[in-house]
Amino acid sequence: MPGIIGYGAYIPRNRIKVEEIAKVWGADAPSYKKGLLLEEKSVPSPDQDTITMSVEASKSALKRAGINPRDIGAVYIGSESHPYAVKPSGTVLAEALDATPDVHTADLEFACKAGTEGMFIALSLVQAGAIKYGLAVGADTSQGAPGDALEYSAAAGAAAFIFGKDRIVAEVLETYSYATDTPDFWRREYQYYPQHGGRFTGDPAYFKHVTGAARGLLAKARMKPSDFQYVIFHQPNGKFPLRVGEMLGFERKQIEPGWLVPKLGNTYSGSSPLGLTATLDIAKPDQLIMLVSYGSGAGSDGFVFRVTDRIDEVRDLAPRTRELLDRNKVYLEYGAYAKYRRKIRKAS
Amino acid sequence: MPTPSRYWREIPQRYRLEAEKCKGCGLILFPPRLVCPACGKREFEKTKLAESGALFTYTVIRVAPEGFEDQTPYAVGIAEMDDGVHLTAQVVDVDFARLKVGLRVKVEFRKMHEDGEAGVIHYGYKFVPE
Amino acid sequence: MRDVAIIGVGMTKWGELWEKPLRSIFVESALLAIQDAGVDKIDSMVVGCMSSGLFIGQEHLASLLSDYLGRNPVPSTRVESACSSGGLALRQGFIEVASGMSDVVLVGGVEKMTDVTGCEATYALGTAADQEYEGYHGLTFPALYAMMAVAHMHRYGTTRDQLSMVAVKNHDNGSKNPLAQFPSKVTVEMVNQSVMVADPLRILDCSPITDGAAAVVLCPADMVKKMKKPMVRITGSGQASDTISLSSRKDITWLESTHLAALKALAMAGRKIQDINLFEVHDCFTIAEIMVTEALGLAERGRGGKAVEEGLTLLQGKYPVNASGGLKAKGHPVGATGVAQAVEVVKQLRDEAGERQVKGAKRGLTQNMGGTGGSALVHIFEAD
């Protein structure tokens with residue numbers, strides 16, 4: 001099967017702490033931190049959006065892939081914060097990478113799983129022989145409604161993957177998708193912030209679909225949790241991926257390398273994809289990685305990867321995920337954060 | 001704010017730093033032109049600018065022109081790129097105290113401005129510290 | 001080429017002229033100049049204005065103003081080179097008379113800048129830079145000159161205080177000019193502590209937003225002899241161009257176009273810079289005056305700051321610069337500045353400058369530039 005031939009991550013440098021948000025809304029910071037297993041989240045600068053982060057993550061992926069961008073046959077950005085309602089993000093990315101005009105582009109959405117569906121489509125086109133290389137990006141700069149629980153976690157980041165049949169870094173051994181119509185989290189057109197069903201987002205939504213996809217994937221691949229070195233689940237908060245891992249029979253040490261959320265927040269369509277880039281940064285040849293994303297509405301995409309020898313050659317051709325996460329951080333006060341995230345009503 | 005056609009026309013430069021090299025004297029022109037200002041020749045070959053360089057001047061803008069009001073204060077500078085070309089851009093993701101002649105910078109893709117809430121979004125290059 | 005004389009000058013007080021539209025501002029100064037000249041007929045009009053289009057939505061300005069001046073069907077031409085539009089208009093008028101094409105030419109400059117917001121004015125002024133590769137990045141004029149200052153300070157050790165001394169000098173001179181927008185004095189401390197606009201330039205390093213106009217009347221020198229009026233000639237005119245953007249400039253600490261324009265004007269006049277008694281230069285920002293001082297050859301390259309500190313360019317100094325108060329204190333209605341510089345020099349050469357008179361002035365020089373030096377106009381005036 002084809003696989004990932006290059007991968008890249010991008011995380012903005014700004015952060016805001018749970019305490020800073022809690023202070024403004026009169027909430028109890030320690031209980032949020034404990035309940036969510038979350039300390040701080042990334043915040044995009046006003047000049048960053050899903051497109052800009054996708055470009056930078058994709059450039060890193062290209063550096064690792066070492067291919068001519070003109071050979072990319074498809075470009076997909078999956079996000080729930082595309083800058084335009086109508087005008088593709090993918091065309092800006094394709095132009096910036098010099099992949100135009102012989103390229104298929106589509107913008108994808110499915111809450112937090114829009115990134116992995118792009119990966120599934122790009123992989124499938126390569127597998128079918130329709131294109132030589134395909135690029136899929138999961139990126140978001142999502143908004144959390146002020147004072148809502150999701151404000152503590154809604155963060156920004158991007159992860160990009162190029163798929164191909166040669167120069168493989170992580171071969172795809174199996175895929176599986178699981179979806180039902182479950183309205184746990186949504187945003188109507190013209191609404192600025194999303195809404196959600198509170199505790200309904202747990203068992204009937206996240207846990208049902210992640211475990212459904214994980215079990216389906218394991219059955220299809222005829223594998224068990226202990227076969228894997230690493231597993232990455234969608235990370236809406238620190239607790240859910242640890243709990244679902246436990247439910248499925250995974251150990252914490254398999255989850256931790258890709259568990260970025262406590263210091264990053266939930267990067268939505270970038271969430272499990274960034275967990276994957278962080279894992280690839282440290283994985284060794286022949287190790288198996290499982291990825292299960294989750295998108296509200298609801299559905300999960302699952303992948304089984306086997307790392308190849310080539311990982312050691314390409315890993316350091318672009319910044320590592322944890323480096324982007326830990327280095328050069330700047331902490332914002334709520335006022336600056338609100339200004340950057342356009343939560344302040346201005347004169348028209 | 002540039003109109004859609006004015007913006008679109010410069011995309012190869014703004015997104016990809018596409019430049020041209022004079023076949024007569026080797027001068028790299030960014031943006032490309034019809035006539036080489038150094039030797040007057042009119043034949044060029046395509047090239048791309050280097051993506052890293054060092055600032056040889058900079059300032060921090062505190063009073064903005066129309067369209068940039070929400071961005072103040074923001075730093076701008078001119079860098080000599082590693083291929084000798086001089087490039088003007090904003091300098092972001094940097095504490096102003098770190099700005100100095102000689103600061104190494106590299107190019108990053110960023111949003112430049114928006115034509116209001118309903119207009120086209122303009123993208124381009126900015127400098128970040130290397 | 002015929003000898004060209006300036007026979008009349010006119011200028012009203014500059015400032016925020018809320019009650020007056022552009023057309024009135026121009027006409028008032030033009031009428032004063034025509035009256036001072038004592039002529040009935042004018043053969044041609046040249047108008048310098050940077051951007052009536054962006055400031056008040058008005059193009060076809062030359063036609064509007066010949067109409068409102070009551071001089072139709074006189075041929076009327078508008079010229080533009082950003083902040084040197086006035087100097088350019090003067091040169092075009094000079095060429096018309098020198099060539100024999102016209103006898104009496106009215107040259108006027110005007111700008112109405114207060115009918116837009118501060119942000120819009122900053123944008124309009126910014127159109128003197130490269131729109132696609134400087135303006136697109138949010139650059140403003142203070143920022144461009146600030147970058148020239150940073151480089152000049154880094155290479156030559158020019159100091160913050162030296163920049164301030166330019167403002168202090170010009171305000172001191174301006175306090176003696178009844179037409180100046182800001183005739184109040186300032187101190188080095190006041191300048192150093194004024195609000196930052198683009199590091200290191202502060203608000204008191206920057207020329208203001210101003211409404212105003214200035215006008216002169218040119219004619220062949222022979223006509224002046226017949227009229228038995230004091231003779232002031234334009235003996236030299238020089239113009240040169242440089243790159244529009246700073247990033248294309250060979251050396252951003254040096255004003256090559258001013259240097260070349262001055263050489264040409266001096267050559268035409270058969271003079272050396274040391275022969276000139278006073279200078280009206282383009283101090284759009286304090287650093288600009290320092291760099292112009294070097295480009296004209298009044299100070300060695302890199303020593304413009306030192307020269308100001310040593311008093312070289314004070315009213316009573318060896319080379320008085322900006323006796324009028326300069327753009328800084330007099331104001332800078334962009335298109336009018338180049339013509340107002342000529343008005344000042346003529347008044348000085350006629351011994352009519354009152355408290356700010358440079359004693360015994362016989363030869364004067366004006367230097368007007370556009371943008372960061374993309375265009376430069378230098379003229380030399382001599383009294384008999």
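In this predicted model, Val47 of chain C has Gly108(C) in strand E4(C) as its bridge partner. The pairing to which strand E2 (residues 44-48) of chain C and E4(C) belong is parallel and extends over 5 bridges. E4(C) also pairs with E7(C), here in the antiparallel sense and over 7 bridges.

Of the 7 residues of E4(C), 7 are buried, so the strand is largely enclosed by the rest of the structure. Val105(C), Val107(C), Gly109(C) and Glu111(C) point one way from E4(C), while Leu106(C), Gly108(C) and Val110(C) point the other way. The residues on both faces are buried, the charged residue Glu111(C) included.

Domain 1 of chain C comprises 4-117 + 210-227, and domain 2 comprises 138-205 + 235-383. Their C-alpha centres are 23 Å apart. In the contact between them, 35 residues come from domain 1 of chain C and 31 residues from domain 2 of chain C. On the domain 1 side, strand E1 (4-11), helix H4 (85-98), strand E4 (105-111) and strand E7 (212-220) of chain C each contribute at least two residues. H4(C) makes the largest contribution to this side, with 8 residues. By class, the domain 1 side that touches domain 2 of chain C holds 19 nonpolar, 12 polar and 4 charged residues.

Chain C as a whole contains 14 helices and 11 strands. Its C-alpha trace spans about 55 × 45 × 35 Å along the principal axes. Among the contacts in chain C between residues at least 6 apart in sequence, 76% join residues at least 24 apart.

Attention now turns to the contacts between chains. Of the 2 pairs of chains that touch, chains B and C have the most contacts. Their contact involves 27 residues of chain B and 28 residues of chain C. On the chain B side, strand E4 (52-61), strand E5 (74-81) and strand E6 (86-91) of chain B are the elements that give two or more residues. The largest share of that side, 6 residues, is supplied by E4(B). The side of chain B that touches chain C consists of 16 nonpolar, 7 polar and 4 charged residues.

Chain B is also in contact with chain A, through 14 residues of chain B and 15 residues of chain A. The elements giving two or more residues to the chain A side are helix H3 (50-65) and helix H4 (90-97) of chain A. H3(A) gives the most to this side, with 4 residues. The side of chain A that touches chain B has 6 nonpolar, 3 polar and 6 charged residues. Chain A and chain C, by contrast, are joined by no contact, and their closest C-alpha atoms lie 12 Å apart.

Chain A itself has 13 helices and 14 strands. Along its principal axes, the C-alpha trace of chain A spans about 55 × 45 × 40 Å. With 348 residues, a compact globule would have a radius of gyration near 20 Å, and the 19 Å of chain A agrees with this. Of the 348 residues of chain A, 55% count as buried. Within chain A, 78% of the contacts with a separation of 6 or more are between residues 24 or more positions apart.

One of the sheets to look at in chain A is an open sheet of 3 strands, with the order E3-E2-E14 and mixed pairing. Strand E3 (40-43) and strand E14 (330-331) of chain A are at the edges, each with a single partner strand, so one side of each has no neighbour in the sheet. Strand E2 (residues 14-17) of chain A runs parallel to E14(A), and 2 bridges join the pair. Within E14(A), Tyr331(A) stands opposite Arg15(A). Helix H1 (residues 18-25) of chain A lies across E2 and E3 of chain A and runs at about 55° to E2(A).

Methods
Residues numbered from 1 in each chain as written. Chains lettered and ligands numbered in written order. Predicted model: local features only at pLDDT ≥ 70, side-chain atom pairs only at ≥ 80, totals over all residues. Domains from an automatic or database assignment. Contact = placed C-beta atoms within 7 Å. Pairing = 2+ DSSP bridges. Axes fitted to C-alpha atoms, helices over the stretch in contact; angles between N-to-C directions. Rg over C-alpha atoms; globule rule 2.2 N^0.38 Å. Buried ≥ 20, exposed ≤ 12 C-beta atoms within 10 Å, placed from the backbone.
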